Amino acid sequence: MTDMRDNGMAKPTTSLDEALAPIQDGCLLVVPREVSGVPMAATRALIRRSVKRLHLVALPTSSLQADLLIGAACIATLETSAVSLGEFGPAPRFTAAVTSGAIAMKDATCPALHAGLQAAEKGVPFMPLRGLIGSDVLKYRDDWKAIDNPFGDCDPIVLLPAIKPEVALFHAPMADRFGNVWIGRQRELATMAHAAVKTVVTVEKLHDGDLLADPLLAAGTLPGFYVDSVAVAERGCWPLPLPDHYAADAEHLALYAKLAATAEGFAEYLDRYVYEKRAA
Amino acid sequence: MRSARRDFRDEELLADVIARLIGDVRHVAVGNASPIPATAALLARERGHGKPYVSLLQSRKHNFFTDGARELFDCAGQGRIDVFFLSGGQIDGQGNINLVSIGDYAHPQVRFPGSFGSAYLYYVVPKVILFRTEHSRRTLVPRVDFVSAPGTSEPNVYRPGGPIALVASRCLFSFADGHFTLESVHPGHTVAEVIENTGFDFERPDTAPETPAPTPETLKLMREVVAPQLAEVYPQFAAGVFGAAVPSPFQVEPSAASLLPHNRKREETSGENG
């Protein structure tokens, strides 16, 4: 393998706003589920920038992140298997937007989203998946097709088109100056990056050294080859958890659930916790 | 919810019922928003001294997957998951479940979170246990408005899995041949009340037995051993149901001394791998 250090491949980290530049209005953006490293600092920065008409793919579910982006009118289309605040109840802005028709909903089921990204990762046009036949999930997805298994005998199976995001965005524990990102066991983050055209990452801290040089670390590392920009954002998942590092801020999530129950309360939440930096 | 005449809570009874339904299997997986099934799975593991394997999807400790969130579904597709749990905003008499919406799908009156993995796992996991703590005509309906996953499939559709039972707050139903049968009525409830509050038709024997109450040994195990394990994933539920037995759930879990995994202090093992 070529040593990237000799090829001028070092990627200095940038400010959060610079790192997020590839996420333009109308972007097909993929983000991870609520316990895998949700980039909440980046999400708040995108809302401050008033990004519009995102097609958000939440792999395979979402909580606060999708609800915030929906409430802040950043999303045109949402493709996911579920949005909820878990123990804190329904996701209020998601629920309001779907019942009022404010966003287009592409309801999926968890493994279908994983499979669609795996197809993109392999560079093939589709992936087959069991289940689905006879469900209304399949009925309302014009882009999914049931065919007869060409290797079987009267065996219907569903084909899912590849999901090729323009940008994958997530938060991870650390990155080095070559753009290598340590993701540990959150392997879906690697699938997202492999599938997407560009990958933007926020991290807790910079690692002094080469993550690929240590075999223990290398096994859990996404190579910088796939990564376009890295920004440091300490406690970048807050108030959601970063697995193995910090827990969810339950008190804050309870406060969010209470405020976001009404449009007025949600606006107050944005003012207090998203736009506050603007005032400075 | 604690009854004046009983020394157990409804959640404890339901978890005990589910633990019996799990039976002798190798691997039980529990999805999102399923605190009672998670209690049952951990209880089964304690009784089995580490068997079955239990995978709680949102847990860091009770989850051995290392190949990302897709590994659970790949495991299930191969038949490596024996038991899973599903619920529904609506469940109908044919075992169809609705996790999406009420009313017209394009203009719903009510929206639920979404189908999660149901449109796949309901087909491929051999023993799917349905649970619904609200036992009413609003939730147990003649026909669901949206089929997240069907109870049964045409003979030529690949379907090694499906529902075996529905655990509700008033009774236990079994599921076979496309319909539910009343198996037992929970203590404090009656057959007449079950009929009154169930929106679909079901088979029933002339006399339905009472669901056995959890034994003192089971209650002790749930409260003292299972509850602290549960608190990692369901802090609100663990504190609400099991109360003081649970350590403060909102603490940051590992020592954050280093972000490097091999420098982290070893945590207590959960015992799931023997």
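**Close-up 1. Helix 4 of chain A, residues 92-100, is mostly covered in this predicted model.** The buried set comprises Pro92(A), Arg93(A), Phe94(A), Thr95(A), Ala96(A), Ala97(A) and Val98(A). After helix 4 of chain A comes Gly101(A). The phi of Gly101(A) is positive, near 80 degrees.

**Close-up 2. Chain B meets chain A.** On the chain B side, 48 residues are in contact with 52 residues of chain A. Four elements of chain B each supply at least two residues of the side that touches chain A: helix 3 (70-77), strand 7 (107-111), helix 4 (118-124) and helix 7 (235-242). Helix 4 of chain B gives the most, with 5 residues. By class, this side of chain B has 27 nonpolar, 16 polar and 5 charged residues.

**Close-up 3. Leu86(B) sits in strand 3 of chain B, residues 83-86.** Leu86(B) has 26 other C-beta atoms within 10 Å, so Leu86(B) counts as buried; the cut-off is 20 or more. Leaving aside neighbours within four places in sequence, Leu86(B) is in contact with Ile97(B), Ser118(B), Tyr122(B), Val128(B) and Leu130(B).

**Close-up 4. Leu86(B) and Glu154(B), shown as a pair.** In sequence, 68 residues separate Leu86(B) from Glu154(B). In space, the C-alpha to C-alpha distance is 21 Å.

Notes:
Residues numbered from 1 in each chain as written. Chains lettered and ligands numbered in written order. Predicted model: local features only at pLDDT ≥ 70, side-chain atom pairs only at ≥ 80, totals over all residues. Contact = placed C-beta atoms within 7 Å. Nonpolar A, V, L, I, M, F, W, Y, C, P; charged D, E, K, R; others polar. Buried ≥ 20, exposed ≤ 12 C-beta atoms within 10 Å, placed from the backbone.
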